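Visitor: Please take a close look at the ligand and its surroundings, and then at the aromatic rings of the chain.

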Amino acid sequence: MAGRYKSDLKWSDVTPKHAWMNRRQLIAGSGALALGSIAGPAMASLAAKKTDYGADLEPNDWDAITSYNNFYEFGTDKGDPATYAHALTTDPWTVEIDGLIDNPGSYGMEDILANVTLEERIYRLRCVERWSMVVPWVGFELADLLNRVGVQPSAKYVSFETALRPDEMRGVSQNVIEWPYREGLRLDEAMHPLTIMATGLYDEPMPNQNGAPIRLVVPWKYGYKSIKSVVRISLVDQMPVTAWNTYSPREYGFYSNVNPDRDHPRWSQKFERKVGGGLFAKQIPTQLFNGYEEEVGSLYAGMDLLEDH
Ligand code: MTE
């Protein structure tokens with residue numbers, strides 16, 4: 001994979017790799033990895049649509065995005081996910097969508113992707129640990145999916161769960177956090193147009209270490225809210241239990257909006273370092289809501305951002 005996305009390659013030159021998602025509909029049997037050979041109109045329509053999101057940002061390269069990861073199910077070192085996440089079986093994959101909705105059920109990836117418009121969104125990602133990246137995600141708005149399953153008026157929150165497969169995830173034998181990894185959003189946060197479910201990056205299917213085949217991306221919150229390899233989405237009326245909040249509520253609030261004015265109890269959040277700049281990369285000031293204040297600030301009007309963190 002490394003180096004496959006080169007700057008001399010124009011977007012339009014890249015084979016629509018998202019074709020793989022529909023391969024079971026198109027080809028009987030398995031082992032169909034040579035996707036370049038089955039290009040066609042049906043495939044092309046699955047390619048990610050270019051958008052203006054993050055057009056001003058400088059994305060990190062493929063190697064940085066796919067080799068420096070947090071995915072504790074595969075170990076706690078930054079290189080563990082790239083080394084061990086290949087063990088995760090991502091096809092077939094189903095997501096249970098349940099709770100306060102009209103159409104609960106077990107949705108296969110092909111159901112989820114039917115009729116969605118995959119878009120490229122270049123977003124900043126700010127980890128609570130003070131490193132950051134810029135990632136060209138491929139995905140679709142979570143609101144599209146929620147609207148399709150029919151959210152009932154009593155739903156107030158959305159909770160998410162990662163797969164828990166001890167046979168494939170060597171990290172879950174250690175009680176780092178309480179497994180499965182869980183996250184949650186308020187319904188209006190989940191419905192916000194910036195909130196996406198990502199299925200790829202750099203126009204490639206999502207690498208396992210980044211949360212294949214489908215993960216949440218909420219760019220104005222610390223990275224841990226962006227839960228990977230999602231197998232359950234539940235619409236609920238109570239604030240859901242989340243992995244990091246359970247681990248240490250004082251350090252990891254439910255909201256976890258990026259906020260340079262609220263220190264983590266063990267470190268300041270005023271600055272960050274962009275991954276890839278080497279050991280002496282300069283510190284850059286962290287922005288409120290990770291730079292997305294204009295878009296999302298109104299969601300938190302009247303809230304004390306230091307208290308309700
Ligand atoms: N999702 C799961 N299931 N397990 C994890 O350990 N780590 C989180 C988040 N999602 C994590 C997860 C953290 S701390 C960050 S910063 C981002 O994933 C990192 O995403 P990336 O590896 O794609 O950059």
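Guide: The account below begins with the ligand and then turns to the aromatic rings. The model is a predicted one, in which local features need pLDDT of at least 70, side-chain atom pairs count only at pLDDT 80 or more, and totals for chains, interfaces and linings use all residues. Residues are numbered from 1 along each chain as its sequence is written, and side-chain values use heavy atoms, with hydrogens and water left out.

The ligand is surrounded by 18 residues, the closest being Asn69, Tyr72, Glu73, Arg215 and Lys228; a residue is counted here if one of its heavy atoms lies within 4 Å of the ligand. This shell consists of nine nonpolar, six polar and three charged residues. In that division, Ala, Val, Leu, Ile, Met, Phe, Trp, Tyr, Cys and Pro count as nonpolar, Asp, Glu, Lys and Arg as charged, and the others, Gly among them, as polar.

Several polar contacts (a pair of N or O atoms within 3.5 Å) can be described individually. An N or O atom in the side chain of Glu73 is 2.8 Å from a nitrogen atom of the ligand. Asn210 places a polar side-chain atom 3.0 Å from an oxygen atom of the ligand. Ser226 takes part through its backbone, a polar atom of which is 2.9 Å from a nitrogen atom of the ligand. Of the 540 Å² of accessible area that the ligand has on its own, the protein covers 98%, as given by the Shrake-Rupley method with a 1.4 Å probe.

As for the rings, those of Phe, Tyr and Trp (its six-membered ring) pair if their centres lie within 6.5 Å; planes under 30 degrees apart count as stacked, over 60 as edge-to-face and the rest as tilted. The count comes to 13 aromatic pairs. Tyr53 is partly exposed because its relative accessibility is 29%, whereas Tyr123, at 0%, is buried; buried means under 20% relative accessible area, exposed over 50%, and partly exposed in between (1.4 Å probe, protein chains only). Phe71 and Phe74 have ring centres 4.8 Å apart and planes at 85°, so this pair is edge-to-face. Both Phe71 and Phe74 are buried. Tyr72, which is among the residues closest to the ligand, belongs to a cluster in which ring pairs link Tyr72, Tyr224, Trp244, Tyr247 and Tyr252.

Conventions. Polar contact = N/O pair within 3.5 Å; in protein donor to acceptor, adjacent residues only side chain to side chain.
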